[in-house]
Amino acid sequence: MITCAVVVPSPPLLVPALVPGAVERSAAVRDATLTAVRALAQVNRHWVAVGVASGRHTVHPSTRGSFRGFGVDVPVALSGTADGAETTLPLPALLAGWLRDQAGAESVRVELVSAHADVADCVALGERLAGADEAALLVLGDGSTRHPTAPPGWPDPRAEAFDTTVGAALAEADAEALLAIDPALAADLQAEGRPAWQVLAGLARSSGDWGGELLYSDAPFGVAYHVATWDRR
């Protein structure tokens with residue numbers, strides 16, 4: 001049964017080798033993320049992760065990949081014993097494997113959900129994951145890309161209120177507030193973490209009382225990044 005969850009963003013800049021010119025500028029979100037996942041590994045070294053991709057798919061712990069497609073050949077394994085052939089993986093799965101290694105966890109199974117998944121489908125997956133064999137959940141997803149620090153012509157005035165609401169919901173482990181996020185608004189604001197957050201909300205709503213703590217919430221590059229921990233009371 002899952003008793004602890006961590007919410008982190010999913011940008012390539014979490015991996016220092018991929019952003020040699022912005023390592024210091026991205027240090028705050030990276031440090032918060034690593035703090036959160038290392039705490040998750042203290043709870044359990046076998047994880048299940050939820051990320052957002054083009055469609056519903058499961059990536060098993062035996063899988064290996066690389067960040068080669070993002071410019072640098074940084075190898076990734078989803079478990080310490082992964083020995084299969086390298087395969088092309090979407091960014092959330094690559095980051096889940098990289099974070100697993102950084103945290104010292106043993107394995108991570110990645111459940112990818114469609115970016116267009118409706119709320120009911122997200123809730124259903126969360127309810128199924130509530131009874132997973134793994135006791136620790138990693139949730140990957142970014143907030144809106146359209147904050148005032150975004151490139152000229154791209155900001156949307158709704159972005160700040162949207163991510164303020166998300167941050168407050170994550171801080172309070174407020175599943176209902178996350179489930180109330182409008183998928184159409186999230187799509188307009190390019191907040192691709194919306195389905196993953198709603199999977200977490202579905203899990204939490206079906207498995208008792210949860211408490212939350214927000215470790216980081218900011219938009220340093222025009223994209224909102226949230227880091228939070230949730231624990232089942």
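Arg45 has a relative accessibility of 43% and therefore counts as partly exposed, a label given to residues between the buried class (under 20% relative accessible area) and the exposed class (over 50%), computed with a 1.4 Å probe on protein chains only. The model is a predicted one, in which local features need pLDDT of at least 70 and side-chain atom pairs count only at pLDDT 80 or more, while totals for chains, interfaces and linings use all residues. Residues are numbered from 1 along each chain as its sequence is written, and side-chain values use heavy atoms, with hydrogens and water left out.

Arg45 takes part in a salt bridge with Glu106, where the closest N and O atoms are 3.8 Å apart; a salt bridge here is a side-chain nitrogen of Lys or Arg within 4 Å of a carboxyl oxygen of Asp or Glu. This pair links distant parts of the chain, 61 residues apart, since Glu106 sits in the loop between helix H2 (91–103) and strand S6 (107–114), and Arg45 in the loop between helix H1 (27–43) and strand S2 (46–53). Helices (H or I, at least four residues) and strands (E, at least two) are DSSP runs, numbered from the N terminus.

Asp156 is buried, at 12% relative accessible area, whereas Arg158 is partly exposed at 38% and Asp188 is partly exposed at 41%. Elsewhere, Arg56, Arg109, Glu111 and Glu134 are linked in a network of salt bridges.

The account now turns to strand S9. In strand S9 (residues 225–232), 6 of the 8 residues are buried, so the strand is largely enclosed by the rest of the structure. Strand S1 (residues 4–8) pairs with S9 in the antiparallel sense over 4 bridges, where pairing requires that DSSP finds at least two bridges between two strands. Strand S8 (residues 210–218) also pairs with S9 in the antiparallel sense, over 8 bridges. Ala228 in S9 is the bridge partner of Val7 and also of Leu214. S8 and S9 form a hairpin with 6 residues between them, and Gly222 in the turn has a positive phi of about 90°.
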